[in-house]
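Trainee: Could you take me through a few local features of this model, giving the general idea each time and then the case at hand?

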Amino acid sequence: QITDRNYVSFLAGWQSENKPSVVFFDQRAVSPLIYKLTAFSFRDFVRFGYVDLGAKHSTRLLKQFSVNTYVPTMMLFKEDTEKPVDIIQAMGMTHQIMDEFVSNNKFLQVPRLVNQQLFDELCPVKQFHQQRKYCVLLITGDTQDFSAGNKAFLDFASANKREVLRFAYVYQLYQQPLCQALLHNQALLSPQVSVVILERRSQSGKAFYRSVSGGWNGRKEDKYRLHEQLELLQNDPTYLSSDATLPELNDEMAALFIIQWMNTAYDYILQVYNDFLYSNWREMMPILSLIFSALFILFGTVIIQAFSETVESKPQKPKPKQQTSQTKGMASNRASPMSRTPKKDFVEVTELTDVTYISNLVKLKPGHINVVLVLTNASKTALLKKFAKEVFSFSGSHFLHFSFQNTDKHHHWMPSLLRLTSDMSQSTDHSDDESCLDFSGHVLALNGYKKYLCFFKPVFTGDDPDSSSEPFFKSKRKCQSRSCSSFHSRSRSHSREDGAISKKSNRAMSIEVHHKLDRLGLWMERLMEGTLPRLWVPVWPPLDE
């Protein structure tokens, strides 16, 4: 029950209990059952209070918040106790309306991480590519020396509300294992306040993070530096360069719960003792009957059952899982909870031919994308294995199709497609040498309905020091080594000559080609997020000219 005497202390309790406060105003003397059900559902996240609009001891409270005394009202307060963050008024307020109102505001703007449950709710593990959540964590202290920096961090979080950002803070003294994992023991050696940006990747505790340089003192320079790094993170998800396995958070509220339970039990025992001394036995009979009934139930259901249990049934060992195919084994390294689970244990990759070109590209359904790998006869085996490994975790999407295009069979298609793009004039100055280009290892994301495409350019990340990261064009020396003139006159006799190359050179070439698709997984993540640049074409070129 909230009145003029206790509403200030009730609203100020957000800092000690780390919860928002909800105040319900109604003309009934007792809070309605529907409100009690909502309060019980969110008891772990929100504090609830009730105000009787007809009582005389709440006039100052009603006047301060301008409450309409004729309509049931719910107000939700967070860190600011002078102004509610959300208000709802309705005559026929239902349980669904109340639940939706509270569930949208069940966290403070900058809550303190006091247990693992709150950490999981506030900074969940990324399940899909579109559900990326970054946790901006302030590591500070609980004394008055840190209050100015904590207040500045709250102001920064209030001014930078985003769907992908979650602001929170922890006390170094109470969460030392977490601080040691993120700051590498610097939190214990230095009292400096730090800000860490992290993203949780798995339920086992693995997370990627980055510490904001310079610490945090709440100055304008600190706010500008943090804002700049958040902007960089939005443009480049790989900005979080460090990784660590986060330990489970200490439950700071466990001791407080035990103390509250002990105080409640003490008050109840004291009340029973006073009733036993100053009341007659007839008035004590209902209480005694309740106590003996509880003891009988406890003895009959728990103690007897515990003694009657035997150890006859031993736990059965789980059956070992059968080995899946080689394709699933290769792609399981890339599979993670953030991607949709593939329905098959292999990747279906079709070839773009005269028969499949129209259905797989030109007349592709709206919203569907065909991811096409460009290869040659020599690099076909190595590239297809690497391609299946990189895209396996994305094969569960119904809107993605996977194909490959052989430049030895259709060598005019890629140059024709590049000439149709809007910025082809900026990409090359030698249209006469298009036949010399080596497009093997390039990947195209083609939207047949909207007529745009996204490019993946091979980047060598292997150990070969001679490997290059040139996106499209090789030098004239490499062009000559691959016989540019023979590119236009490829035939069956040339395929026989390729088959006569020694095994040693084929093995070296396979290793080099294998590294062309090393960063394809990151590119696919950006494709699913829609952050890749797009090139538009007026019409799709024919496969053969």
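Trainee: In the hairpin of β7 and β8, which residue takes a positive phi?

Mentor: Glycine 205 does, with phi near 110 degrees, in a hairpin that has 5 residues between its strands. This is a predicted model, in which local features need pLDDT of at least 70 and side-chain atom pairs count only at pLDDT 80 or more, while totals for chains, interfaces and linings use all residues. Residues are numbered from 1 along each chain as its sequence is written, and side-chain values use heavy atoms, with hydrogens and water left out.

Trainee: How many bridges pair β7 with β8, and in which sense?

Mentor: Two strands pair if DSSP finds at least two bridges between them, and strands (E, at least two residues) and helices (H or I, at least four) are DSSP runs numbered from the N terminus. Here β7 (residues 194-200) and β8 (residues 206-211) are antiparallel, with 5 bridges, and leucine 198 has tyrosine 209 of β8 as its bridge partner. Strand β8 is also joined to β9 (residues 242-245), again in an antiparallel run, by 4 bridges, with alanine 207 partnered by alanine 244 of β9.

Trainee: Which residues of α10 are buried, and where do they lie around the axis?

Mentor: An α-helix has 3.6 residues a turn, so residues three or four places apart point the same way. Taking buried as under 20% relative accessible area, exposed as over 50% and partly exposed as in between (1.4 Å probe, protein chains only), the buried residues of α10 are Asp222, Leu226, Gln229, Leu230 and Leu233. They cover an arc of only 105 degrees, taken from the directions from the helix axis to the C-beta atoms, and therefore lie on the same side of α10. The face turned away from that buried side carries the exposed residues Lys220, Tyr224 and Asn235.

Trainee: Against which elements do the buried residues of α10 pack?

Mentor: With contact meaning heavy atoms within 4.5 Å, they pack against β5 (134-140), α7 (147-159), β6 (165-171), β7 and β8.

Trainee: Where does a positive phi occur in a residue other than glycine?

Mentor: Serine 66 has a positive phi near 50 degrees; this residue is in the loop between α4 (59-64) and β3 (73-77), and it counts as exposed because its relative accessibility is 60%. Lysine 451, with a positive phi near 60 degrees, is in the loop between β13 (443-447) and β14 (452-456), and its relative accessible area of 29% makes it partly exposed.
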